[in-house]
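Subject: Structure handover

Hello,

My notes on it follow, arranged by topic.

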Amino acid sequence: MATFKLTEAHIKLLQRANISNSGMEWGSPAIDGKRPFGNGDVHRDIADILGLPYDDDNESLRDYLWSVYEQLQTALEIVLHNQTFTPGTYESEGYGWIKK
């Protein structure tokens, strides 16, 4: 059983995601891969959304911001599957294609 902790940070980022149509084949809603939060400076955008002071030289902050960003796919799956934006620990047989 896989577990995932959905946090306020994930929720804030999903609420501010720049949604567009992927334009591939049939098309589908997608978070814009080039400007996921409306701007091209992803680290700075994430810090602003989370209310954190951004510093290009703060490597640990950049690592944290990137890790939260990388977790958004699973966070989005949980929000859509469970129909909730409630932080907490969620379990599934596997993330990617969530099984009931």
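The protein exposes about 6800 Å², and carbon and sulfur atoms supply 48% of that area. Please keep in mind that this is a predicted model. Buried residues make up 30% of the 100 residues. Taken along the principal axes, the C-alpha atoms fill a box of roughly 45 × 35 × 20 Å.

Fold

The protein has 4 helices and 4 strands. Their order along the sequence is β-α-β-β-α-α-α-β. Counting contacts between residues at least 6 apart in sequence, 46% join residues that are at least 24 apart.

Core

The largest nonpolar core has 21 residues, and the members that touch the most others are L6, L13, F37, I46, L50 and L65. At least two residues of this core come from each of β1 (2-6), α1 (8-15), α2 (42-50), α3 (59-70) and α4 (72-82). The element that gives the most is α2, with 5 residues.

L6 is worth a look on its own. Apart from its neighbours within four places in sequence, L6 is in contact with I11, A75, I78, V79, T86, P87, G88 and Y90. Of these, I11 is also on the list of buried residues of α1, while A75, I78 and V79 are on the list for α4.

Helices α1 and α4

In α1 the buried residues are A9, H10, I11, L13 and L14. Their cover includes β1, β3 (29-31), α2, α3 and α4.

In α4 the buried residues are L72, T74, A75, E77, I78 and V79. The elements that cover them include β1, α1, α3 and β4.

The largest pocket has a volume of about 270 Å³. Two or more of the lining residues come from each of α3 and α4. The biggest share is that of α4, with 5 residues. By class, the lining has 5 nonpolar, 1 polar and 3 charged residues.

H43

Is H43 buried or exposed? H43 counts as buried, because its relative accessibility is 18% and the cut-off for buried is under 20%. This histidine sits in helix α2. Setting aside residues up to four places away in sequence, H43 touches Y54, R62, L65 and W66. One of these, L65, is among the core residues that touch the most other members.

Loops

Two residues other than glycine have a positive phi and may be worth checking in your own viewer. For E25, phi is near 45°. E25 lies in the loop between β2 (19-21) and β3, and with a relative accessible area of 79% it is exposed.

For Q83, phi is near 55°. Q83 follows α4 and is placed in the loop between α4 and β4 (88-92). At 72% relative accessibility, Q83 counts as exposed.

Leaving out residues up to four places away in sequence, S22 touches G27, S28 and A30. S22 and D32 are 10 residues apart in sequence, and their C-alpha atoms are 7.8 Å apart in space.

Regards

Note on methods: Residues numbered from 1 in each chain as written. Predicted model: local features only at pLDDT ≥ 70, side-chain atom pairs only at ≥ 80, totals over all residues. Heavy atoms only, no water. Core = buried A, V, L, I, M, F, W, Y, C linked by side-chain atoms within 4.5 Å. Buried < 20%, exposed > 50% of the residue type's maximum accessible area, 1.4 Å probe, protein only. Contact = heavy atoms within 4.5 Å. 1 Å grid on protein atoms, 1.4 Å probe; cavity = no way out; pocket = protein on both sides within 12 Å on 5 of 7 lines; lining within 4 Å. Points joined across faces, edges and corners; volume = space filled by probe spheres on them. Nonpolar A, V, L, I, M, F, W, Y, C, P; charged D, E, K, R; others polar. Areas by Shrake-Rupley, 256 points an atom, 1.4 Å probe, with all protein chains shown as cover.
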